[in-house]
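Please open the model in your viewer and keep the sequence beside it. The tour below goes from one selection to the next and says what is to be found at each stop.

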Amino acid sequence: MDIRIAGHSHSRIVPFFFVGVLSSLVDIGLMYGCTTYFGIWYMYAAAFSYCCGIVVSYFANRYITFHETSRRTASQFATFAAISVSCLIVNLGIVWLGVTFFSLTPLLAKIIATCLAFLWSYHGQSKFTFRNAS
């Protein structure tokens with residue numbers, strides 16, 4: 001399926017979305033487990049779980065979404081991680097704002113933050129990390 005936005009093809013946005021769902025389930029599930037079962041402060045749990053989601057997302061996007069076959073895994077992961085960390089900063093900021101100022105539960109704030117970071121993540125990963133993918 002070839003989705004065009006502003007004249008650019010975005011045929012990989014659907015698989016990227018489903019990989020995002022998978023990594024978000026890992027992220028949110030780990031955050032929930034860390035806060036609920038281990039009593040870890042929600043901000044530490046959110047940062048840890050997000051980093052775990054980055055690893056899942058990188059490998060799933062590399063092989064499923066972008067069908068990447070190059071051997072430059074380390075440098076590519078560094079770019080992927082840098083973009084993901086920028087999303088993490090936004091994500092944590094939204095979680096903090098949601099909990100502190102809007103009295104949301106940490107889990108609800110996390111879900112909202114994850115949804116808002118999706119488009120930036122897709123743009124960054126498709127334009128910078130996997131720009132040469134087949």
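Begin by selecting Phe16, Phe17, Phe18, Tyr58, Phe59, Phe66, Phe77, Phe80, Phe118, Tyr122 and Phe130, which ring pairs link into a cluster. Rings of Phe, Tyr and Trp (its six-membered ring) pair if their centres lie within 6.5 Å, and planes under 30 degrees apart count as stacked, over 60 as edge-to-face and the rest as tilted. The model is a predicted one, in which local features need pLDDT of at least 70 and side-chain atom pairs count only at pLDDT 80 or more, while totals for chains, interfaces and linings use all residues. Residues are numbered from 1 along each chain as its sequence is written, and side-chain values use heavy atoms, with hydrogens and water left out.

A search of the whole structure finds 15 aromatic pairs. Zoom in on Phe17 and Phe18, whose ring centres are 5.3 Å apart with the planes at 75°, so this pair is edge-to-face. Phe17 counts as partly exposed at 40% relative accessibility, whereas Phe18 is exposed, with a relative accessible area of 54%; here buried means under 20% relative accessible area, exposed over 50%, and partly exposed in between (1.4 Å probe, protein chains only). Phe17 also forms an edge-to-face pair with Phe118, at 5.8 Å centre to centre and 80° between the planes. That pair links distant parts of the chain, with Phe17 in helix 1 and Phe118 in helix 4, 101 residues apart. Helices (H or I, at least four residues) are DSSP runs, numbered from the N terminus.

Which residues lie nearest the centre of the largest pocket? Select Gly20, Ser23, Ser24, Thr114 and Phe118, which hold that place among the 23 residues of the lining. The elements that give two or more residues to this lining are helix 1, helix 2 (42-65), helix 3 (73-102) and helix 4, and helix 1 gives the most, with eight residues. About 460 Å³ of space lies in the largest pocket. A pocket is an open set of points on a 1 Å grid over the protein atoms alone, where a 1.4 Å probe fits, with protein on both sides within 12 Å along at least five of seven lines; lining residues have an atom within 4 Å of a point. The volume is the space filled by probe spheres set on the points, which are joined across faces, edges and corners.

Next, select Asp27 and Lys110, which form a salt bridge with their closest N and O atoms 3.2 Å apart. Asp27 lies in helix 1 and Lys110 in helix 4, so the pair ties together parts that are 83 residues apart in sequence. Both Asp27 and Lys110 are buried, and the structure holds one salt bridge, a term for a side-chain nitrogen of Lys or Arg within 4 Å of a carboxyl oxygen of Asp or Glu.

Finally, visit two loops. His67, in the loop between helix 2 and helix 3, has a phi near 50°, a positive value in a residue other than glycine, and His67 is partly exposed, with a relative accessible area of 46%. Ser103, in the loop between helix 3 and helix 4, likewise has a positive phi, near 55°, and Ser103 counts as exposed at 66% relative accessibility.
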